[in-house]
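Keep the sequence and the 3D view open while you read.

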Amino acid sequence: MAHSSRVAMVGPWSVFMVLVILNGLAWEVSAAGECGRTPIRSAAASLSPCLGAAKNARAKVPPACCAKVNALIRTSPRCLCAVLLSPLAKQAGIMPATAISIPKRCNIRNRPAGKKCGRYTVP
C-alpha cells in the first residue's frame with residue numbers, strides 16, 4: 001500500500017510540473033511572437049536611431065535608421081509592425097502614423113506598401 005500512495009502523491013505533482021513547463025513554453029512562444037526568437041524589446045532597441053523620425057514627420061530620417069528598417073523589412077516585416085504597435089513604442093512617445101511613413105521617407109523600394117499594420121497602412 002505504501003507504494004501506491006507514494007505513486008498517488010507523485011502523480012499529481014508530476015502533472016502539475018508538466019503543466020507548469022508547458023505553460024512556460026507556451027509563454028515563450030507567444031512572447032517571441034512576430035519577431036521570432038528576438039524579444040520585442042531587442043527589436044525595438046535596434047530601431048533607436050529612428051526615435052526622432054518616429055515622433056516628428058518633419059525630422060530627417062538618419063541613415064542608420066533607414067538601414068535598420070530596411071533590414072527588418074527584409075527579414076521580418078511583421079516584427080516592424082509589432083514594434084510600432086507595441087506598448088514600448090507608446091511609452092517612448094512614438095506616433096504610429098508618423099513611424100509608419102519611415103520606410104517611404106527612407107526611399108526603401110521593397111517596403112510593403114499598401115499593407116496594413118493595425119489601423120495604419122504602409123505608404
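## A left-handed disulfide

Let's start with a bond: C66 and C106 are joined by a disulfide, with 2.1 Å from S to S. (A disulfide here is a pair of cysteine sulfur atoms within 2.5 Å.) The torsion about the S-S bond of C66 and C106 is about -80°, so this disulfide is left-handed. The pair links distant parts of the chain, with C66 in helix α4 and C106 in the loop between α8 and β1, 40 residues apart. Both C66 and C106 are buried, where buried means under 20% relative accessible area, exposed means over 50%, and partly exposed is in between (1.4 Å probe, protein chains only).

A word on ground rules: this is a predicted model, in which local features need pLDDT of at least 70, side-chain atom pairs count only at pLDDT 80 or more, and totals for chains, interfaces and linings use all residues. Residues are numbered from 1 along each chain as its sequence is written, and side-chain values use heavy atoms, with hydrogens and water left out.

## The chain as a whole

What is the protein chain built from? It has eight helices and two strands, and along the sequence they come in the pattern α-α-α-α-α-α-α-α-β-β. Helices (H or I, at least four residues) and strands (E, at least two) are DSSP runs, numbered from the N terminus.

The protein chain has 123 residues, and 25% of them count as buried. It exposes about 8500 Å², with carbon and sulfur atoms supplying 63% of that; accessible areas come from the Shrake-Rupley method with a 1.4 Å probe, and for residues only the protein chains shown count as cover. Now take the contacts with a separation of 6 or more: residues 24 or more positions apart account for 60% of them. Contact means heavy atoms within 4.5 Å.

## More disulfides

How many disulfides does a search of the whole structure find? The search finds four. If you count the bonded cysteines along the chain, the pattern is 1-5, 2-3, 4-7, 6-8.

One of them joins C50 to C65, at 2.0 Å from S to S. Its S-S torsion is about 105°, so the C50 and C65 disulfide is right-handed. C50 sits in the loop between α2 and α3 while C65 is in helix α4, so the pair ties together parts that are 15 residues apart in sequence. C50 and C65 are both buried.

Another joins C81 to C117, with S to S at 2.0 Å. Here the torsion about the S-S bond is about 110°, so this disulfide is right-handed. C81 belongs to helix α5 and C117 to strand β1, so the pair ties together parts that are 36 residues apart in sequence. C81 counts as buried because its relative accessibility is 17%, and C117 is buried with a relative accessible area of 2%.

The buried residues of α5 are C79, L80, C81, V83 and L84. What covers them? The cover includes α2, α4, α6, α7 (96-99) and β1.

Now look for the largest pocket, which holds about 540 Å³ of space. Of the 30 residues that line it, the closest to its centre are L47, L80, C81, V83 and L84. Helix α5 gives the most to this lining, with six residues. By type, the lining residues divide into 24 nonpolar, two polar and four charged.

Here are the terms. On a 1 Å grid over the protein atoms alone, a pocket is an open set of points with protein on both sides within 12 Å along at least five of seven lines, and lining residues have an atom within 4 Å of a point. Grid points are joined across faces, edges and corners, and a volume is the space filled by probe spheres set on the points. Ala, Val, Leu, Ile, Met, Phe, Trp, Tyr, Cys and Pro count as nonpolar, Asp, Glu, Lys and Arg as charged, and the others, Gly among them, as polar.

R41 is in helix α2 and is exposed, with a relative accessible area of 60%. R41 and A89 are 48 residues apart in sequence and 9.8 Å apart in space, C-alpha to C-alpha.

N107 lies in the loop between α8 and β1, and it counts as exposed at 61% relative accessibility. Its phi is near 60°, a positive value in a residue other than glycine. Most residues other than glycine have a negative phi.

Terms used:
1 Å grid on protein atoms, 1.4 Å probe; cavity = no way out; pocket = protein on both sides within 12 Å on 5 of 7 lines; lining within 4 Å.
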